[in-house]
Amino acid sequence: MSMGNGDYKYPATGVECAHRVAVPPPQPFTKSLKTSLKETFFPDDPLRQFKNQPASRKFILGLQYFFPILEWGPRYSFQFLKADLISGITIASLAIPQGISYAKLANLPPILGLYSSFVPPLVYAMMGSSRDLAVGTVAVGSLLIASMLGNEVKANEHPQTYLHLAFLATFFAGVFQVSLGLLRLGFVVDFLSHATIVGFMGGAATVVCLQQLKGILGLDHFTHGTDIVSVMRSVFTQTHQWRWESGVLGCCFLFFLMLTKYFSKRRPKFFWVSAMAPLSSVILGSLLVYLTHAERHGVQVIGNLKKGLNPPSLSDLPFGSPYLSTAIKIGIIIGIIALAEGIAVGRSFAMFKNYHIDGNKEMIAFGMMNIAGSCTSCYLTTGPFSRSAVNFNAGCKTAVSNIVMAMAVMITLLFLTPLFHYTPLVVLSSIIIAAMLGLIDYDAAIHLWKVDKFDFVVCIAAYIGVVFGSVEIGLVLAVAISLLRMVLFVARPRTTVLGNIPNSKIYRSVDQYPAASTVPGVLILEIDAPIYFANAGYLRERISRWIDEEEDKLKAAGESSLQYVILDMGAVGNIDTSGISMLEEVKKSMERSGLKLVLANPGGEVMKKMNKSKFIEVLGQEWIYLTVGEAVGACNFMLHTCKPKAMTDDSSMV
């Protein structure tokens, strides 16, 4: 609507009832710095519980903070034990075949998958704050190790070097995770947006599924590349080596696994059917191979698995290796991915049960279990969604379910590993494919398209980058686009024209509320972001354009000219020196055009900066108002009584 709208009714607000905008009282620099650091690193105020407590109580609370088991352990009951026992045995039946499968995916000895389901869960049970998270290896982490480490050292050519570097990368992943937790830098993980994770996980799941064609088709030689072009070329240039026995067996087990998953999804009470399906597949596959001697007819088997508990590997960590920088880089990347997945899964289930998870505490727990794991022949572990979902559905009550799972794995390591000798690799490939198909979240991608097209672009970029490039390319591409969007949010803040809601003193966007009427002779602009050096130049140009467009519109309509420009600063949480310089330039530019700048609703931090820079003196305290309504009332009062002196003086100079 035009500014000269004849239907506009002036709110009954005069200059005399306007409230003065206060400048916050000055604070010492040290106090301001302390407040800023606290808001940045301690938004949840974790030290609150230590206040006014005796030294002995503080010591106990400190132990409970780092070892939550000391807090809930004394309250543990027999009813909880029954529920955790069932949950632990159920997730162990899933962890054993998955652990072996994911170790093969990482090009590591299969026994490492079992080792990684023994020590890390025990560490997490003592230090983790989630009741539902089931700890173990994950497909995406395994793929990252195979892809990134495989580019430097070939697992089949230098197996010992590859193995030791995998331990070293896991060690640095743990150190990085603990550092983030102790330094309260959990917000670093937030740079992996939901859209990024959906696209990255979907792409990684697709790549993992494609990699399993080697096992399904019984191929001996396969590409080291993870992109779809390399995989498809490797598959179709070896058609003469496809083994139909392996293919039939793989398809049958994959169908069985997908059928049980579908059944359990339709009938949630029978969640244990899909949870037991992988172990059932391993048992059936092993029996089938043993009875038919299928290993003599092209069906590859695991072979001997070493009996016994985790051997120590601290002396195997190659800190003097020429590949040290590579191990550090891989450790940081897999550490961030593991944190993003584990914390997201933990928070999801915590929300269902209405309890809180401390993200920084979880980082310390994840880091310590990976450090401990790297010293006991384990590789990267976190909280996988599939295993945690089974744990949740099985009715777990506490982290004791992880201890039960670890005990079941311990028994397997001590007594049952020879039984896996005849387990066909094709069954492991089927288990991985069945687990990965659940990570390709079509519904989430469609939801992103409906809600936010830019988020959808980020998601698809991550997916395409992983599938057609590599895991690293997809991750870098998605994070880069997300950061670009964040920069655009800061560098190109939204500015809108406000109008008066009929029969009220409320001013809102005329785009959102078409019935809102603009005020004759007054242009009201709202700035929706802090004003920094990154956006100061843009805002200066955008405000000038708004003024030019409004004046052109008024000239075309033959209505009264523009006199005042009100900037609603309610959403401007902060301003820097570049922002203040921008306001000074805008004021001078307006005065040259015979306009007056008016500010409404500036916050405490903005007032403090404007006061220290003397901008309030330059503008005049009388042109800063508490609300847009008061600013409009003052402008109307001036418009209908006299012409502003400053404006008259400036006009005579032109």
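**View 1. The backbone nitrogen of S129 lies 2.7 Å from a polar atom of the side chain of E362.** A polar contact is a pair of N or O atoms within 3.5 Å, where, within protein, one atom must be able to donate a hydrogen and the other to accept it, and where residues adjacent in sequence count only if both atoms are side-chain atoms. E362 belongs to helix α15, residues 359-374; helices (H or I, at least four residues) and strands (E, at least two) are DSSP runs, numbered from the N terminus. E362 is buried yet has no salt bridge, and K361, the nearest side chain of opposite charge, is 7.6 Å away. Here buried means under 20% relative accessible area, exposed over 50% and partly exposed in between, with a 1.4 Å probe and protein chains only. A salt bridge is a side-chain nitrogen of Lys or Arg within 4 Å of a carboxyl oxygen of Asp or Glu, and for charge, Lys and Arg count as positive and Asp and Glu as negative, while His and the chain ends are not counted.

The model is predicted, and local features need pLDDT of at least 70, side-chain atom pairs count only at pLDDT 80 or more, and totals for chains, interfaces and linings use all residues. Residues are numbered from 1 along each chain as its sequence is written, and side-chain values use heavy atoms, with hydrogens and water left out.

**View 2. Strand β1, residues 495-500, is largely enclosed by the rest of the structure, because 6 of its 6 residues are buried.** Both of its faces are covered, with T495, V497 and G499 buried on one side and T496, L498 and N500 buried on the other. Strand β1 runs antiparallel to strand β3 (residues 522-527), to which 3 bridges join it, and the bridge partner of T496 in β3 is E526. With strand β2 (residues 507-509), β1 also pairs in the antiparallel sense over 3 bridges, and L498 stands opposite S509 there. Two strands are said to pair if DSSP finds at least two bridges between them. In the hairpin of β1 and β2, which has 6 residues between the strands, N503 takes a positive phi near 60°.

**View 3. Aromatic pairs, of which the count comes to 12, include F171 with F319.** The ring centres of F171 and F319 are 5.4 Å apart and their planes stand at 80°, so this pair is edge-to-face. Rings of Phe, Tyr and Trp (its six-membered ring) pair if their centres lie within 6.5 Å, and planes under 30 degrees apart count as stacked, over 60 as edge-to-face and the rest as tilted. F171 lies in helix α8 (residues 159-182) and F319 in the loop between α13 (271-292) and α14 (324-353), so the pair ties together parts that are 148 residues apart in sequence. F171 counts as buried at 17% relative accessibility, whereas F319 is partly exposed, with a relative accessible area of 39%.

**View 4. The charged end of R542 sits over the ring of W546, 4.1 Å from its centre.** K453 likewise lies over the face of W449, at 4.7 Å from the ring centre. A charge sits over a ring if NZ of Lys or CZ of Arg is within 6 Å of the ring centre and within 35 degrees of the ring normal.
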